[in-house]
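Have a look at the fold before reading on.

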Amino acid sequence: MDGDGRWNLLLDGLAGSPAEGWLRIDQSGPTGYAAARGASFRPAEAPGSSSDVALGAWLRRGAGSAEDQGMGRVAQAGLLALYGAWLLFGYRWHFVDGANLLFHEAGHVGFALFGPTLHMLGGTLGQLFFPIAAGLHFARRERFQDAAVCVVWLGESLMNVAVYAADAQAQALPLVGGEIHDWHWLLSRWGLLAHCASVARAIHVLGSLAVVAGVGAAVAMAWPRSAAQPEQATGAGL
Ligand SMILES: [Zn+2]
């Protein structure tokens, strides 16, 4: 550690190694950076006089300027809108459904203890639970743009479920993790096997609504806003 009288700043997670993470910044403004980064500080000796303004500016930039974050949101919303449009007009099995399949099988395992119906339905519940849980995780941290991505994922997963439900009568889809067709079993039990196409359509519509809602929310959050206008004094003392 240098002893030139500056603060030493350990930026957790910013640098690749603790050794690289030791940075020096002007004492006049480290607290804000610490709060923004969750970094830990420890003061060295008396504050020095040399200027680290450039480093301070770099740190502020590293924290992500409002302009950079705005551009990131626009790019994310644009990609999400393209993906959402593809889902709405041309959904078919793709790599996201590979992840859904893992969560589906985990759901079967998780709900196996709660009776045969929930065991069968557990696959569907599992693949819907994870997008919801991830969305809530981001929403609690006020990462609403990321939460919107999860809403689109939820819609996509519902579309995947709809394909499975539509196959309940034909049972043409290859099955993974068992010989029993979930939706054939479920709809037979509920007396709805003959209506599997309608059930699937309803699930698909639900998924489409989630996709539209997620994309709409992401675009709305990314939409450039005009700078807030300062309130004009009326002179009337109001
Ligand atoms: Zn299943």
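## The chain overall

Keep in mind that this is a predicted model. The protein chain has nine helices and three strands. Reading from the N terminus, the elements go β-α-β-α-β-α-α-α-α-α-α-α.

Of the 238 residues in the protein chain, 28% are buried. As for contacts between residues at least 6 apart in sequence, 63% of them join residues at least 24 apart.

## Helix H5, inside and out

Helix H5 takes in residues 95-111, and at 1.5 Å a residue its 17 residues should span 24 Å.

Which residues of H5 are buried? They are Asn-100, His-104, Gly-107, His-108 and Phe-111. Looking down the axis of H5, these buried residues fall within an arc of 95°, so they line one face of the helix. Part of their cover comes from helix H6 (116-140) and helix H7 (144-166). On the face of H5 turned away from the buried side you'll find Phe-95 and Gly-98, which are exposed.

## Leu-101, in between

Leu-101 also lies in helix H5. Is Leu-101 buried, exposed or partly exposed? With 17 other C-beta atoms within 10 Å, Leu-101 is partly exposed, because buried would take 20 or more and exposed 12 or fewer.

Leu-101 also gives a handy pair to click on: Ser-157 is 56 residues away from Leu-101 in sequence. In space, the C-alpha atoms of Leu-101 and Ser-157 are 9.6 Å apart.

## How H4 and H7 pack

Who makes the contact? From H4 it is Arg-73, Gln-76, Leu-80, Tyr-83, Gly-84 and Leu-87. H7 brings Gln-145, Val-149, Val-152, Gly-155, Glu-156 and Met-159. Sorted by class, the contact of H4 with H7 holds six nonpolar, four polar and two charged residues.

Definitions and conventions:
Residues numbered from 1 in each chain as written. Predicted model: local features only at pLDDT ≥ 70, side-chain atom pairs only at ≥ 80, totals over all residues. Helix = DSSP H or I, 4+ residues; strand = E, 2+ residues; numbered from the N terminus. Expected span 1.5 Å × (residues − 1). Arc of directions from axis to C-beta. Contact = placed C-beta atoms within 7 Å. Nonpolar A, V, L, I, M, F, W, Y, C, P; charged D, E, K, R; others polar.
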